[in-house]
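I am keeping this notebook as I go through one chain, and each entry sets down what I looked up. I give the cut-offs of a term where I first need that term.

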Amino acid sequence: PKKYVPNPILGLWVAYVRRDHVRAAMDPSEKAALDAMSPPFEWVSTRKCGSQWMLMLGQLKEDVAAGKELPGETRSWIDAQRIARNEGRLSDTRYGYLQDELGPG
């Protein structure tokens, strides 16, 4: 959990270790040590993303991947994100996520 209040550094470490590419590069003995913990290390978070923005992005990704016509609510959300970007209220990272799905524009 990235936002683990009692120990934010530990939370960041856990989020980092849970990434597939990090796990794949780990020494087998490190993985075994985490698995041997009591309770065992949870390699997949049981928490769901609470960000409405990320939920909308996930739906957009699904619709684009399926070749679906985007529903009005999604198109309105995209327009709102572009306006926010033009007004300097949307981070470069989030704008990049949209460009990944929709291309520049």
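**Entry 1: terms and ground rules.** I began with accessibility, where buried means under 20% relative accessible area, exposed means over 50%, and partly exposed lies in between, with a 1.4 Å probe and protein chains only. I note that this is a predicted model, in which local features need pLDDT of at least 70 and side-chain atom pairs count only at pLDDT 80 or more, while totals for chains, interfaces and linings use all residues. I also note that residues are numbered from 1 along each chain as its sequence is written, and that side-chain values use heavy atoms, with hydrogens and water left out.

**Entry 2: salt bridges.** I wrote down first that side chains of opposite charge can pair when their charged atoms come close. A salt bridge is a side-chain nitrogen of Lys or Arg within 4 Å of a carboxyl oxygen of Asp or Glu, and my search of the whole structure found three of them. In one, Arg85 and Asp92 meet through their side chains at 2.5 Å, N to O. Asp92 is exposed because its relative accessible area is 58%, whereas Arg85, with 28%, is partly exposed. In another, Arg89 pairs with Glu87, the closest N and O atoms being 2.8 Å apart, and here I found both Arg89 and Glu87 exposed. I then looked up Lys68, which forms a salt bridge with Asp63 at 4.0 Å between the closest N and O atoms. Is Asp63 buried or exposed? Asp63 has a relative accessibility of 4%, so I put it down as buried.

**Entry 3: two helices that cross.** Helices (H or I, at least four residues) and strands (E, at least two) are DSSP runs, numbered from the N terminus. Two packed helices are described by the angle between their axes and the distance between the axes. The axes are lines fitted to C-alpha atoms, for helices over the stretch in contact, and the angles run from 0 to 180 degrees between N-to-C directions. I looked up helix H4 (residues 52-65) and H5, whose axes come within 11 Å and cross at roughly 120°. Angles under 35 degrees count as roughly parallel, over 145 as roughly antiparallel, 65 to 115 as roughly perpendicular and the rest as oblique, and H4 and H5 are therefore oblique to each other. Gly72 belongs to helix H5 (residues 72-86), and I recorded Gly72 as partly exposed because its relative accessibility is 36%. Between the C-alpha atoms of Gly72 and Val44, which are 28 residues apart along the chain, I noted a separation of 33 Å.

Entry 4: Val17 lies in helix H1 and is buried, because its relative accessibility is 3%. From Val17 to Asp35 there are 18 residues in sequence and 13 Å in space, C-alpha to C-alpha. Leu34 sits in helix H3 and, at 10% relative accessibility, counts as buried too.
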